[in-house]
Amino acid sequence: MRLREVFFRQLGTADTFDIIAKEQMIFGAEAWSEALVLAELNRHDRYYLGAFTDPICQELIGYAGLRLGTDTDLMTVGVVEQYRGFGVGKALLRALLHDLDFIWLEAGGHWFIEPGHIPAELSGPVHLSQREVDDSLPEAAATPTTPAEQNREDSQTSTDFTGHIADSSPVVVTSSCDSGIEPSRRRVQRIILEVRQSNHSAQNLYRQLGFKEVSRIKRYYRQPLEDAVVMIRQNPHQGL
């Protein structure tokens, strides 16, 4: 099988059951429960993007997500096993970084998406370059702060950050023309992730995308027990 192109769109509540099914396929025993997925779908500080094989059947083959903040956590990237090795995970990460240019925090504390730029409908195709094939998409994780954000480990053949999803209107869609007043904007300043210290292929992928190692966390992962490498990308709005 060869995969030459993928299509992207923002995921929402209509994708709940498809996501739950893919969680089982991608993460196995570490998959999130239906209740957890549903809870995360209603979080308004999440942004999730799905990858699809074509605009007709719209088969979801992977997804990636962010927990929005001035310090944003790169939460999850998962790719269905049969579609690994084509660069889908890297393409998802590039798309997320691109979309950050159109997401900002308003003075009132709400995250806004600039209309017309985030793919509510399928966009693409994005052509996959054989020079960018990710031979494996290993795990990483945002620092868990609640049970809903507990880190999990995927196998060494897929990427895992601890994913969260936005609902069908995850952040309020607005623009300066809605009120006639340009909002006071605060943008994402950096993106943070954690990855197993033994997962060199993942670390190499993140370095290609501008992430740098800044520290390590002892005994961060549990199954099996292992230290985490903390990586940060500063100024995510700069091009790759």
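This report describes the fold, helices, strands and selected residues of a predicted protein model.

## Basis and overall composition

The model is predicted, so local features require pLDDT of at least 70 and side-chain atom pairs count only at pLDDT 80 or more, while totals for chains, interfaces and linings use all residues. Residues are numbered from 1 along each chain as its sequence is written, and side-chain values use heavy atoms, with hydrogens and water left out.

The protein contains five helices and 12 strands; helices (H or I, at least four residues) and strands (E, at least two) are DSSP runs, numbered from the N terminus. Of the 240 residues, 54% are buried, where buried means under 20% relative accessible area, exposed means over 50% and partly exposed lies in between (1.4 Å probe, protein chains only). A contact means heavy atoms within 4.5 Å. Among contacts with a separation of 6 or more, 69% are between residues 24 or more positions apart.

Helix H1 comprises residues 16–27. Its 12 residues reach 16 Å from the first C-alpha to the last, close to the 16 Å expected at 1.5 Å a residue; the expected span is 1.5 Å times one less than the number of residues. The buried residues in H1 are Thr16, Ile19, Ile20, Lys22, Glu23, Ile26 and Phe27. Their cover includes helix H2 (34–41), strand E3 (60–67) and strand E4. Gly28 follows H1 and has a positive phi, near 55 degrees.

Helix H3 also has 12 residues, and its end C-alpha atoms are 16 Å apart, in agreement with the 16 Å that it should span at 1.5 Å a residue. Because 10 of its 12 residues are buried, H3 is largely enclosed by the rest of the structure. The buried residues include Val88, Leu92, Leu93, Leu96 and Leu97, and also Lys90 and Asp99.

## Nonpolar core and aromatic pairing

In soluble globular proteins, nonpolar side chains tend to be buried together. A nonpolar core is here a set of buried Ala, Val, Leu, Ile, Met, Phe, Trp, Tyr and Cys residues joined through side-chain atoms within 4.5 Å. The largest such core has 54 residues, of which Val88 and Tyr206 touch the most other members. Helix H3 (residues 88–99) gives the most to this core, with seven residues.

The structure holds four aromatic pairs. Rings of Phe, Tyr and Trp (its six-membered ring) pair if their centres lie within 6.5 Å; planes under 30 degrees apart count as stacked, over 60 as edge-to-face and the rest as tilted. The ring centres of Tyr206 and Phe211 are 6.2 Å apart with planes at 70 degrees, so this pair is edge-to-face. Tyr206 and Phe211 are both buried.

Strand E2 (residues 46–52) is mostly covered, with seven of its seven residues buried. In a regular strand the side chains alternate between the two faces of the sheet. In E2, Arg46, Tyr48, Gly50 and Phe52 point one way, whereas Tyr47, Leu49 and Ala51 point the other way.

Two strands pair if DSSP finds at least two bridges between them. Strand E1 (residues 5–10) pairs with E2 in the antiparallel sense over four bridges, and Arg9 has Gly50 as its bridge partner in E2. E2 is also joined to E3 by seven bridges, again antiparallel; Tyr47 has Leu66 as its partner in E3.

## Thr72 in strand E4

Thr72 belongs to strand E4 (residues 71–79). With 0% relative accessibility, it counts as buried. A polar atom of the Thr72 side chain lies 2.6 Å from the backbone oxygen of Gly69. Leaving aside neighbours within four places in sequence, Thr72 contacts Leu66, Arg67, Val188, Arg190, Ile191 and Ile192.

## The E11–E12 hairpin

Strands E11 (residues 212–222) and E12 (residues 225–234) pair in the antiparallel sense over seven bridges, and a hairpin joins E11 to E12 through two residues. Arg216 stands opposite Val229 in E12.

Val214 lies in E11 and is partly exposed, with a relative accessible area of 48%. Not counting residues up to four places away in sequence, Val214 touches Val230 and Ile232. The C-alpha atoms of Val214 and Arg233 are separated by 9.9 Å, the two residues being 19 apart along the chain.

Arg219 is also found in E11 and is exposed, at 61% relative accessible area. Although Arg219 is not a glycine, its phi is positive, about 55 degrees. Most residues other than glycine have a negative phi.

Definitions and conventions. A polar contact is a pair of N or O atoms within 3.5 Å; within protein, one must be able to donate a hydrogen and the other to accept it, and residues adjacent in sequence count only if both atoms are side-chain atoms.
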